[in-house]
Amino acid sequence: MRRIESRLTFTLFLTTLTVSCDLSRPTHCEFTDPNGPVVTNTTVGVWPADLSWREVWRAGGLNEAEVLVRPAAVAVSPDGSVAIADWGLGEVILLGPDGAWQGTVSARGEGPGEVQAPVAVTWADADTLLILDVSAFRIVSLDLASGSAGVTPVDPAFLAPVFASGQVRFVAMQRDRTVWLEFPGPVADGWEERSFVRWSPDRPVNDTIMASGARGFAGATLSAWPRSLLGVGPETWVVSNPDGRYELEVFDRDGTSVVRFCHAADALPLSPAERGEDPDAEMPDAWRDALRELDEPPNPAVISRIVVDLDGRIWVQRDRPLPGEFDGHGAAGAMYDVFLPSGRFLGSIRLPDEQRLMEARGRRVWTIHTGSLGESSIVALELEGF
């Protein structure tokens, strides 16, 4: 099997970490079809085992002057400013690099610089925000320096299936205005056909990237059953193996395969809540009954979410969200395996309780925290221990 061997120089963390890997303990993962560039990883990474999180700042929460209702997405600018697309408020809010609340930059409305249902946001450059307004079938462009705004229409045939379903399960937008969505599909015998589709103004054709079946009921996905997953970053996108093997493939912006990589890790065992045996789980009694009646998956899903950060690193979520949770942001307090863009394994780390990963760059990550009263905060954390 051909491997890609690379010297790991971590300028992102301003330090070089060297670890002697004892290959007699962990085993390598293996590809059934090793054609093309591949990377095989062990359970040993290069990160120290005692990494921890330090909270840098927090915005929103119970602060009456910083109201967030249902943040759908965040985008981080080159200087660290954070734009928040709040679907519940119908607004886009700006935070400074230090978390200072700078207020609403796009309010609910139908004008050129206004939005109705913002579900994705990204920075086209240091001063320009792009906002996907799913109910108005358009991308709103805001020039924060001049205060001007523009609109790019989006094909209604692309957005309509998601808008009609009433649930945006996966959405991403890149700075060239390419939009990625997960389409709902027909349901038969408890399985729904899901597909990931992209569209851009330069290529106004709905381009289906991949499709697979998702196990579920009552509109909720059962993440214990493996299926194809997608992560989209600024320059690359990553897909997972649909049959549950811990294999992922990285593509460049043109759709050319860059590398495939695998990891020697097993799926987490099914929790009592996933089996319908936890009476305290926050889900309807009918759902618990349905879960108890279902057969368990023969091979539980080893991953449940993929995030490609601003440095191109790949964050693979291990914990699975329960049915009924807003799974677009993944499970709260989840464990992540982190890989370089080359596919090399860095290490694993768990987020703090009730926090969901939204973005990362260098040592810093930005999360959504949900409090005991259901209040939402945007939190900046930094990795410590290098």
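Q: Why is Leu144 called partly exposed?
A: Leu144 has a relative accessible area of 32%. Buried means under 20% and exposed over 50%, with partly exposed in between (1.4 Å probe, protein chains only), so Leu144 counts as partly exposed.

A quick note on the model: this one is predicted, so local features need pLDDT of at least 70 and side-chain atom pairs count only at pLDDT 80 or more, while totals for chains, interfaces and linings use all residues. Residues are numbered from 1 along each chain as its sequence is written, and side-chain values use heavy atoms, with hydrogens and water left out.

Q: What makes the place of Leu144 a loop between two strands?
A: Leu144 sits between strand E9 (138-143) and strand E10 (149-153). Strands (E, at least two residues) and helices (H or I, at least four) are DSSP runs, numbered from the N terminus. The chain has 27 strands and 2 helices.

Q: Which residues is Leu144 in contact with, leaving aside neighbours within four places in sequence?
A: Contact means heavy atoms within 4.5 Å, and Leu94, Val105, Trp123, Asp127 and Leu129 are in contact with Leu144.

Q: How do you know that the radius of gyration of the chain agrees with a compact globule?
A: The radius is taken over C-alpha atoms, and the globule rule is 2.2 Å times the number of residues to the power 0.38. For 386 residues a compact globule would come out near 21 Å, and the chain has 21 Å, so the two agree. Buried residues make up 52% of the chain.
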